[in-house]
Amino acid sequence: MKNLPTTPLENEYWRQVKRITWRLLGVWVALILSVVLFIPLLGITVYGVPLSYWVISSVLLLSFLGLVACYAWFMDRLELKFKRAVENNRNPSGDRHEKQHRRGGKTPL
């Protein structure tokens with residue numbers, strides 16, 4: 001299959017995907033570093049276990065799930081904005097497998 005040149009709309013789409021991904025990754029790293037570096041300095045224990053254990057085991061897990069939900073929400077909005085420009089611009093005119101592309105790669109019966 002020959003590679004088609006990318007359009008400016010596709011380039012803008014992928015630029016925004018990277019921006020969203022890097023920002024959410026930065027938030028995740030900041031959360032982890034803040035817990036690992038600053039919570040142990042407080043010296044608080046809950047039921048004889050350091051507070052950092054409780055935060056790492058529960059709060060960071062929930063924050064990760066929240067970041068995954070944010071990523072899905074941002075990507076849904078981005079795809080609506082671009083109206084799936086990447087998929088629509090990839091199929092050249094006269095493509096014999098256009099129906100296959102629209103079904104997500106499933107072959108016809």
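## The H1 face that gets buried

Keep in mind that this is a predicted model. Start with helix H1: its buried residues are Glu 10, Tyr 13, Gln 16, Val 17, Ile 20, Leu 24, Val 35 and Ile 39. An α-helix has 3.6 residues a turn, so residues three or four places apart point the same way.

H1 covers residues 8–42. With 35 residues, H1 reaches 51 Å from its first C-alpha to its last, close to the 51 Å expected at 1.5 Å a residue. Look for a kink of about 30° centred on Val 35, which is also on the list of buried residues.

## Helix H2

Next up is H2, which spans residues 51–82. H2 has 32 residues and runs 45 Å from first C-alpha to last, close to the expected 46 Å. H2 has a kink as well, about 30° and centred on Val 59.

The buried residues here are Ser 52, Val 55, Leu 60, Ser 63, Leu 67, Met 75, Leu 78 and Phe 82. Following H2 you'll find Lys 83, whose phi is positive, near 50°.

## The nonpolar core

Which residues make up the largest nonpolar core? There are eight: Tyr 13, Val 17, Ile 20, Leu 24, Leu 67, Met 75, Leu 78 and Phe 82. H1 and H2 are the elements that give two or more residues to this core.

Leaving out residues up to four places away in sequence, Met 75 touches Tyr 13, Val 17 and Ile 20.

Gln 16 sits in H1. Is this residue buried or exposed? Its relative accessible area is 9%, and since the cut-off for buried is under 20%, Gln 16 counts as buried. Apart from neighbours within four places in sequence, Gln 16 is in contact with Leu 78, Lys 81 and Phe 82. Of these, Leu 78 and Phe 82 are buried residues of H2.

## One salt bridge

The structure holds one salt bridge. Arg 15 pairs with Glu 12, and their closest N and O atoms are 2.7 Å apart. The two are three residues apart in helix H1, so about one helical turn separates them.

Both partners are partly exposed: Arg 15 has 44% relative accessibility, and Glu 12 has a relative accessible area of 26%.

How values were computed:
Residues numbered from 1 in each chain as written. Predicted model: local features only at pLDDT ≥ 70, side-chain atom pairs only at ≥ 80, totals over all residues. Heavy atoms only, no water. Helix = DSSP H or I, 4+ residues; strand = E, 2+ residues; numbered from the N terminus. Buried < 20%, exposed > 50% of the residue type's maximum accessible area, 1.4 Å probe, protein only. Contact = heavy atoms within 4.5 Å. Expected span 1.5 Å × (residues − 1). Bend = angle between axes of the 7 residues up to and from the residue. Core = buried A, V, L, I, M, F, W, Y, C linked by side-chain atoms within 4.5 Å. Salt bridge = Lys/Arg side-chain N within 4 Å of Asp/Glu carboxyl O.
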